[in-house]
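Reader: Can you walk me through the ligand site in this one? I'd like the contacts to begin with, then the surroundings.

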Amino acid sequence: MTFKYLLFLSLYVLFAYRTPAQEVFNYDESNVPSFSLPDPFVSQKGQVIETVQDWEFRRRKEIITLFENQVYGQLPRELDNIRFQLVSEDKQAMGGSAHLKEIDIQVERNGKNITIRLILFVPTQTSKPAPVFLLITHRDPENIDPTRNVKMGFWPAEAIVERGFAAATFHVKDVSDDNNDTFKEDILNTLYPEQLEMDNGMRGLGSWAWGAMRAMDYFEADPLIDANRAAVVGHSRGGKASLWTGAQDTRWAITISNESGCGGAALSRRKFGETVKRINTNFPYWFTDNFNQYNDREELLPLDQHMLVAAIAPRAVYVASASEDEWADPKGEFLSLSLGTRVHREIYGMEGRFPSALPDVESPVHLPYAGHHIREGKHNLTPYDWDRFMDFADQLYGIHHE
Ligand code: GTR
C-alpha cells in the first residue's frame, strides 16, 4: 500500500513537472489586466485629430496601415480584369418571391484566373434596386444551398428576401480555403504569390475580405442591386474578415460582425477568452506573420481592435455577441464598438451614444450610426441575429422596401 502510494506520488510528480505549461484562458472579469489603449485621436507623430480632414486623410489611413502591417496583411487591389458571368438564373425562385442569379466572378492577374461563385436572391416584389446583405460564408456549403432544398438559420435567405433585401453570399474556399494546408491554393498562389513572401503579406482573413470586395464590384454592375445600400456580414472568423472589409473598403454602408471575438471586435488587451497567442497557434494562416510578435505581448500592439471599428467611420457598424460565447469576449466586443464609434460621435457629430455598461441580453441598442445586441445562447449566427441586422438597416436607410 505504502509502496503503491509512493510509486503513484513519484509518477505524479514526474508527470506534473514534465507537462509543458498549459495556456490558461481567463473568463473572470476580475482577472482582466489593467491596460491602456492606443488613442484613435492622436496620430503616430503626436498630432491631435480633430477634424474630418485629419481623420480621413491622416489618422484613418495610418490606422489601416497599422492593421495591414501588424494584423491582417496587405490587401492588394491590382488586378488586370474582372468579368461577371451569369451561370444560372431562376426568375421564379422561392415560389416567385425572388430572382435567383448564380454569378461567376472571374478575376485575372498576370494571365492567371480565379473564379468566385456568388449566389444572389433579389426580391421580386419591387422594381427598384434592392439593398443587399452579403454573407462571407466559411461553414459547410449546405448553409448556402442555392436550390433551397436545404434551409439553414445561418443564412435565412427567404426571410431576408421577404423583408425586401437581396440576399447574397460566397464561400471562402473560392478565395482561400479555411485550412492551413490548402489556404494558398486560390488567390494567394494564383494571383498574388508575392504576398506569401512578405511578413506583412495577405493571408486567409485578408483573402476573404478581398473576395467580399469583388462581390461589391459585382453589385456596382448589377442594376437590380442598390450598391449604395450594401451590408457585409460575417460570423466569427467571417466576422473578423467582415470588419477588415468594412475598414478597407468605403463602399459598404453597413459592416456587421457577428461574434467575431479575438482578432475581430474583441479588444486584444483584455486577454479574455481567446488570446492572440492561441489564435496564432491554432490558425497560423489567418493573420499576417507579424501578428505573432504579439503572442503574450498584447500590450506592445500599436493598435487595438477598437481602432478597426473606428476605421469604418463614418459608415455604420454593427457588433453582435451571444451570452454564452465567452470565448469571443462579449464585453470586449462591446467596448471596441463603443470606443471605436467615438469617431462617429466626436469627429462626425453623429447623435446618440451607447450605454456605459454591456447592454442586457436581447435588448438591442440601435443608434443612427451603429448597432449592438447580445443574443441569448451559444456561438452561432441565427435568424434572431439576422432580424436585428435588418431592423438596423431599415432604420438606417429609413425606407420601406415594398
Ligand atoms: C474558433 C476560433 C475563433 C472563431 C471560431 C469560429 O475556433 O478560436 O476565433 O473564429 O472558431 O470561426 O467559429
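Predicted model: local features only at pLDDT ≥ 70, side-chain atom pairs only at ≥ 80, totals over all residues.

Author: A polar side-chain atom of S236 lies 2.8 Å from an oxygen atom of the ligand. A polar contact here is a pair of N or O atoms within 3.5 Å; within protein, one must be able to donate a hydrogen and the other to accept it, and residues adjacent in sequence count only if both atoms are side-chain atoms.

Reader: How far is the polar side-chain atom of E274 from an oxygen atom of the ligand?

Author: For E274 the distance is 2.6 Å. The side chain of W327 also has an N or O atom 3.0 Å from a ligand oxygen.

Reader: How much of the ligand's accessible area does the protein cover?

Author: The protein covers 82% of the 320 Å² that the ligand has on its own, by the Shrake-Rupley method with a 1.4 Å probe.

Reader: Which residues are around the ligand?

Author: H138, S236, R237, K240, E274, I279, F283, W286, W327 and H379, each with a heavy atom within 4 Å of the ligand. By class, that shell has four nonpolar, three polar and three charged residues.

Reader: Which space does the ligand take?

Author: The ligand takes the largest pocket, as more than half of its atoms lie within 2 Å of the pocket's grid points. The volume of the largest pocket is about 160 Å³. Its lining has 15 residues, and the closest to its centre are S236, R237, E274, W327 and H379.

Reader: How are pocket and cavity defined?

Author: On a 1 Å grid over the protein atoms alone, a cavity is a set of points where a 1.4 Å probe fits but cannot get out, and a pocket is an open set with protein on both sides within 12 Å along at least five of seven lines; lining residues have an atom within 4 Å of a point.

Reader: How many cavities of 30 Å³ or more?

Author: One. The largest cavity has a volume of about 60 Å³, and E274 is among its lining residues, along with C262 and D329.

Reader: Changing topic, which peptide bond is cis?

Author: The bond from A313 to P314 is cis, with omega near 10°. P314 is in the loop between helix 8 (306–312) and strand 8 (316–322).

Notes: Residues numbered from 1 in each chain as written. Heavy atoms only, no water. Points joined across faces, edges and corners; volume = space filled by probe spheres on them. Nonpolar A, V, L, I, M, F, W, Y, C, P; charged D, E, K, R; others polar. Helix = DSSP H or I, 4+ residues; strand = E, 2+ residues; numbered from the N terminus.
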